[in-house]
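Me: Hi! Could you walk me through this one with me? I'd like to go topic by topic.

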Amino acid sequence: MPLVPPAIAGLTPYEPGRSIESVQREYGLTHVAKLASNENPMGASPRALEAMAGAMHQLNLYPDGGRKLREVLARAYDLKVENVIAGSGSESIMSNIIRTFLCDEDEVLTTEGAFIGFQVLAKSRGVRYRTVPYRNWHYDLTALAAAITERTKIIYLANPNNPTGTIFTRQEFDAFYKRVPERVLIILDEAYFEYAKDNPRYPDSMHYRYDNVITLRTFSKIYGLAGVRIGYGFAHEELIANLLKVKLPFEPSTLAQAAGIAALADKEFVHRSLELNARGLRLLMAAFQEMGLQVVPSEANFVMVEFPDGIQAARVVEDLLTQGVIVRPLKAFGLPQCIRISTGTDEDNERCLAAMQKAVLAARV
Ligand SMILES: Cc1ncc(COP(=O)(O)O)c(C=O)c1O
């Protein structure tokens, strides 16, 4: 028996976006715009920062496993606390779902080029990982439903989707759901929920509350708390009870929980973040189109651009780096011809456009 199971030995590790410091050092730059990880360019919710400072005196004590945040969320959504879970980011909950529900013979089903975090977690479990192609850069829910087999245990759907920024509609989800057997668990990853929720076509999974659907949300995006690691999930109490058996008992941390509770109440920060993002999306979309680039219309806080091939995409990414703009190459997602650009501050968006103009011209030569 090998020491390292084949599923782990063959795995390409998740590579987070380049850090500002490393790019500054490598290219000798003073200002670097990080538009690579769909973070909030306004920083963290000020209320969350205050709450974390206020929780410092409790750091000698073990946390309560997210109980307080679960209670707050249960009240906010009119649920029982038994329907809510909190974790160190939504990825931690995703990891627990994989550990809790998958057996060796099960298979996981999702779209091609799905969120890389999910791909790595699912593949590390060593089960069969199956995908269906995008349809015009949207989840093809009809094809996904048709691809379900006896062995399908988990279907992963991100809505809005990372990296395409697209959504599937209520109508599409309703038609899809009717075709999914009850024994199949659907993960509805709504990390970018806040950016899409006002679109009347968007299916907020909390309106459905199906017994085989787990909704995942996060404080990493609109609340600006990616660095503290705090996320949450909603599901039937039996699913949550089993997830709680597997979850590390003391996550999320005391500071993360305090930040999450305070951030939820910071409506003003969310409002300002949405405005900045909408402005950024409009600007980036219009300017990229004017440059003749293939841009996918987005409902999130980033846009995906498709190049004729992977070589051009890689050249553009590298050229942007030398100009102090970090964007996300999507080769690891399985889409080498595409890159993803998060919205930034107004200044960083302008900087990105100027750099992109140069990079595109250079890449075409
Ligand atoms: C679709 C999707 N799900 C989950 C996450 C991870 O969220 P968290 O920081 O809560 O683990 C991300 C982050 O990029 C994401 O894009």
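This is a predicted model: local features need pLDDT of at least 70, side-chain atom pairs count only at pLDDT 80 or more; totals for chains, interfaces and linings use all residues.

Me: How many bridges join strand 12 to strand 13?
Reply: There are 2 bridges between strand 12 and strand 13 (residues 338-342). Across that pairing, Arg328 sits opposite Arg340 in strand 13.

Me: Switching to rings. How many aromatic pairs does the structure hold?
Reply: The count is 18 aromatic pairs. Take Tyr192 and Phe302: their ring centres are 5.1 Å apart and their planes meet at 75°, so this pair is edge-to-face.

Me: Where do Tyr192 and Phe302 lie?
Reply: Tyr192 is in the loop between strand 6 (185-189) and helix 9 (193-196), while Phe302 belongs to strand 10 (residues 302-306). The pair therefore ties together parts that are 110 residues apart in sequence.

Me: And why does Tyr192 count as buried?
Reply: Its relative accessibility is 4%, and the cut-off for buried is under 20%. Phe302 counts as buried too, because its relative accessibility is 0%.

Me: What about Phe219 and Tyr223, what kind of aromatic pair do they form?
Reply: A tilted one, with 5.0 Å from centre to centre and 50° between the planes. Both Phe219 and Tyr223 are buried.

Me: Nice. Which residues form the aromatic cluster?
Reply: Tyr139, Phe168, Phe173, Phe176, Tyr177, Tyr208 and Tyr210 make up one cluster.

Me: New topic: cavities. How many of 30 Å³ or more are there?
Reply: The count is 1 cavity, and the volume of the largest cavity is about 40 Å³.

Me: What lines the largest cavity?
Reply: Asn40, Pro41, Tyr195, Ser273, Leu276, Asn277, Asn301 and Thr343 do. Helix 12 (residues 267-290) gives the largest share of that lining, 3 residues. By class, the lining has 3 nonpolar and 5 polar residues, with no charged ones.

Me: Last one, helix 5: how far does it reach from its first C-alpha to its last?
Reply: Helix 5 (residues 90-101) has 12 residues and reaches 17 Å, close to the 16 Å expected at 1.5 Å a residue. Its buried residues are Ser90, Ser92, Ile93, Met94, Asn96, Ile97, Ile98 and Phe101.

How values were computed:
Residues are numbered from 1 along each chain as its sequence is written. Side-chain values use heavy atoms; hydrogens and water are left out. On a 1 Å grid over the protein atoms alone, a cavity is a set of points where a 1.4 Å probe fits but cannot get out, and a pocket is an open set with protein on both sides within 12 Å along at least five of seven lines; lining residues have an atom within 4 Å of a point. Grid points are joined across faces, edges and corners, and a volume is the space filled by probe spheres set on the points. Helices (H or I, at least four residues) and strands (E, at least two) are DSSP runs, numbered from the N terminus. Ala, Val, Leu, Ile, Met, Phe, Trp, Tyr, Cys and Pro count as nonpolar, Asp, Glu, Lys and Arg as charged, and the others, Gly among them, as polar. The expected span of a helix is 1.5 Å times one less than its number of residues. Buried means under 20% relative accessible area, exposed over 50%, partly exposed in between (1.4 Å probe, protein chains only). Two strands pair if DSSP finds at least two bridges between them. Rings of Phe, Tyr and Trp (its six-membered ring) pair if their centres lie within 6.5 Å; planes under 30 degrees apart count as stacked, over 60 as edge-to-face and the rest as tilted.
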